[in-house]
Amino acid sequence: MTRKPLRQLPEFPRRPIAGKVSLNRALSKLGFCSRKQAELMIAEGRVRVAGKVARDPSLRVDPDRDRIAVDGAQVAAERKVYLMLNKPRGLVTTRDDPDGRGTVYDCLADLDLPFVSPVGRLDKASEGLLLMTNDTRWANGLLDPASHVAKTYHVQIASAPDEKMLERFRQGAVVDGELLTASSIALLRSGGRTAWLEIVLDEGRNRQIRRMLGAFDIEVLRLVRVAIGRLQLGDLAKGKARHLTAVELAMLAA
């Protein structure tokens, strides 16, 4: 029997934002803009709360109850959007780069989206699966170290390690006083002077794989994130993004 393809849901009902937060954070949580953009608009006197101009970005407001307006138009909470992007190598994950480098937002230019932010980071030289959303609570849940959401990477290195060297990798390395380890490290394939490893992490330390392998004088040639939890990058084309399905969201929540 042929299975019907999963229906992609372009957006999901928003969750209420509990309690008061700073005004710049409220505008970000509502999916209107980034915190930095909010601070600029507040400083320019473009933001009103309950009809009064607000110039303090730290002003405490309730996004679900207080009337917040920008340029005279009330800001309504955007419906939540959940995207997966196949990040190309060479792009940074910031919204605006002061050095003029390409960013992951270039990949979203043709999509009609509210403001979204990356869930975590992939550095400029890394590629693969990157989640983006305007649901900060959902993103924070995935990033919380206590959640132990596994992230799987395929890593090409300038070495052909034997089992003894792989075991050393698995024991980890102390870098700048910090013990860096992986949940698992396996050899995918090896040929000549290079090899591909599959490395699984359940924590998100800065440049963890590169720093850990660098402690063994191993050069990383390519680093591709292929899965987050049970969510696979699959055949999504490089530089393309798509909405997560309800089933995929449930997989990440499991």
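This is a predicted model: local features need pLDDT of at least 70, side-chain atom pairs count only at pLDDT 80 or more; totals for chains, interfaces and linings use all residues.
Mentor: Residues are numbered from 1 along each chain as its sequence is written, and side-chain values use heavy atoms, with hydrogens and water left out.

Trainee: What makes strand S9 largely enclosed by the rest of the structure?

Mentor: Buried means under 20% relative accessible area, with exposed over 50% and partly exposed in between (1.4 Å probe, protein chains only). Seven of the seven residues of S9 (residues 127–133) are buried, so the strand is largely enclosed. The strand itself is a DSSP run (E, at least two residues; helices are H or I, at least four), numbered from the N terminus.

Trainee: How do you know that S7 and S9 pair?

Mentor: Two strands pair if DSSP finds at least two bridges between them. Strand S7 (residues 82–87) and S9 have six bridges, in the antiparallel sense, so they pair by that rule. In S9, Met132 is the bridge partner of Leu83, and Met132 is also the bridge partner of Pro118.

Trainee: Why are S9 and S15 called a pair, and which way do they run?

Mentor: S9 and strand S15 (residues 220–228) are joined by two bridges and run parallel; the rule asks for at least two, so they pair. Glu127 stands opposite Val224 in S15.

Trainee: Why is the largest pocket said to lie between two domains?

Mentor: Domain bounds come from an automatic or database domain assignment. Domain 1 (19–72) and domain 2 (80–144 + 230–249) both give residues to the lining of the largest pocket, so this pocket lies between them.

Trainee: What makes a site a pocket, and what makes a residue part of the lining?

Mentor: On a 1 Å grid over the protein atoms alone, a pocket is an open set of points with protein on both sides within 12 Å along at least five of seven lines, whereas in a cavity a 1.4 Å probe fits but cannot get out; lining residues have an atom within 4 Å of a point. The volume, the space filled by probe spheres set on the points (joined across faces, edges and corners), is about 690 Å³ for the largest pocket. Of its 26 lining residues, Ser34, Phe115, Ser117, Pro118 and Arg121 are the closest to the centre. Helix H3 (136–143) gives the most to this lining, with four residues.
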